[in-house]
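Student: Hi! Could we go through this structure together? I'll just ask things as they come to me.
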Amino acid sequence: MTTSDIAALAGRSALVTGGASGIGAAIARRLSSLGAHVTIADLDPAGARAVADEIGGDVWVVDLSDPGTVDGRTIDVDVLVNNAGIQRVSPIPEFEPEAFHRILMIMVEAPFRLIRAALPGMYDRGFGRVINISSVHGLRASEFKSAYVTAKHALEGLSKTTALEGGPHGVTSNCVNPGYVRTPLVEKQIADQARIHGIEESAVVETIMLAHNAIKRLVEPDEVASLVGWLAGPDAAMVNGASYTMDGGWTAQ
Ligand code: NAD
């Protein structure tokens, strides 16, 4: 048994943004099962409360598209998971600048402000884990997702810079880069892409989402959460500035 097994995070606190749904909810459950006290920061009060009640955690109802709301709040946690995200699928000429801006606020500026607020406490304690839920689209572009691809590439840069600054203080920062995971976010994307390409939704999964995935199935939220749990624990102490793909082989091509 390694230290990353039972109670690897006993006595630790964690904040998971977007923890009310999908991958974030799976991460919240996983970190809790490893012993951490988890706070869920989410726009959705009911969804956040449901997950928090299940794991004995706390809720912070926040709209991260207004990242200024982070300022002035003490983010005193050992593990910060920047997971909240949204998607918009649209060709660039029809992509509203307001929608582009909103995606960058939620997926780049909010993580920056949360990291900025969390680092001083992590430095004081000589321990911290910043885990940023990026995507294969942090490493590879895709048509019709200009804001998402831009935001995820920026998050990669923020994560690596945090890794360099945090390392001397015992703080690591890493990205997790899933391929397609079946969550509400992806269900909406399947419908949007079916409309744009004029094909059946099942064909979107087969011909677009699994086209470069050698294992030919979507990723499960629990699989992403398992990797996050390991990154948060003591066995990953020397993993810093990395980006871990979980994509069935997509980016290996
Ligand atoms: P999801 O839609 O199931 O969950 C996203 C959560 O973020 C929701 O609880 C939502 O309320 C919250 N959220 C959205 N906007 C917010 C805001 N302004 N302020 C606070 N909370 C907000 O999505 P998911 O698929 O679980 O995605 C989670 C993360 O994983 C995202 O960053 C996404 O880019 C990334 N990701 C997802 C996939 C995938 O295929 N699902 C693949 C790679 C990366």
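Student: Does Lys216 count as buried or exposed, and why?

Tutor: Lys216 counts as exposed because it has 10 C-beta neighbours inside 10 Å. The cut-offs are these: a residue is buried with 20 or more other C-beta atoms within 10 Å of its own, exposed with 12 or fewer, and partly exposed in between, with C-beta atoms placed from the backbone. Before we go on, this is a predicted model, where local features need pLDDT of at least 70 and side-chain atom pairs count only at pLDDT 80 or more, while totals for chains, interfaces and linings use all residues. Residues are numbered from 1 along each chain as its sequence is written.

Student: Thanks. Where is Lys216 found?

Tutor: In the loop between α6 and α7 (221-232). Helices (H or I, at least four residues) and strands (E, at least two) are DSSP runs, numbered from the N terminus. The backbone of Lys216 has a positive phi, near 60°, in a residue other than glycine. Most residues other than glycine have a negative phi.

Student: Which loop holds Phe144, and what is its phi?

Tutor: Phe144 lies in the loop between β5 and α4. Its phi is positive, about 75°, although Phe144 is not a glycine. Phe144 is partly exposed, because 18 other C-beta atoms lie within 10 Å.

Student: Changing topic: what is the strand order in the sheet?

Tutor: It is an open sheet of seven strands, ordered β3-β2-β1-β4-β5-β6-β7, with parallel pairing. Two strands pair if DSSP finds at least two bridges between them. At the edges are β3 (58-61) and β7 (243-246), each pairing on one side only. On average, neighbouring strands are turned by 20° against each other, direction ignored. Axes here are lines fitted to C-alpha atoms, for helices over the stretch in contact, and angles run from 0 to 180 degrees between N-to-C directions.

Student: Why is β1 called largely enclosed?

Tutor: Because four of the five residues of β1 are buried, it is largely enclosed by the rest of the structure. β2 is mostly covered, with five of its six residues buried.

Student: What lies across those strands?

Tutor: α1 does: it lies across β1 (13-17), β2 (37-42), β4 (79-82) and β5 (128-133), and runs at about 170° to β1. Together, β1, α1 and β2 make a right-handed β-α-β unit. Right-handed means that, with the strands pointing away from the viewer, the path from the first strand over the helix to the second runs clockwise.

Student: And what joins β2 to β3?

Tutor: Four bridges join them, and the two strands run parallel. One of the pairs is Asp42 with its bridge partner Val61 in β3. The chain crosses from β2 through helix α2 (residues 45-55) to β3, in a right-handed β-α-β crossover.

Student: Let's jump to the ligand. Which residues are closest?

Tutor: The closest are Gly18, Gly22, Gly85, Thr183 and Leu185, and 28 residues surround the ligand. A residue is near a molecule or strand if its C-beta atom, placed from the backbone, lies within 6 Å of it. The elements giving two or more residues to this shell are α1 (22-33) and α5 (184-197).

Student: Last one: what is Glu156 in contact with?

Tutor: Leaving aside its neighbours within four places in sequence, Glu156 is in contact with Ser134, Gly138, Cys175 and Ser243. Contact here means C-beta atoms, placed from the backbone, within 7 Å. Glu156 is found in helix α4 (residues 146-166). Two of those contacts also pair up in the sheet, as Ser243 in β7 is the bridge partner of Cys175.

Notes. Contact = placed C-beta atoms within 7 Å.
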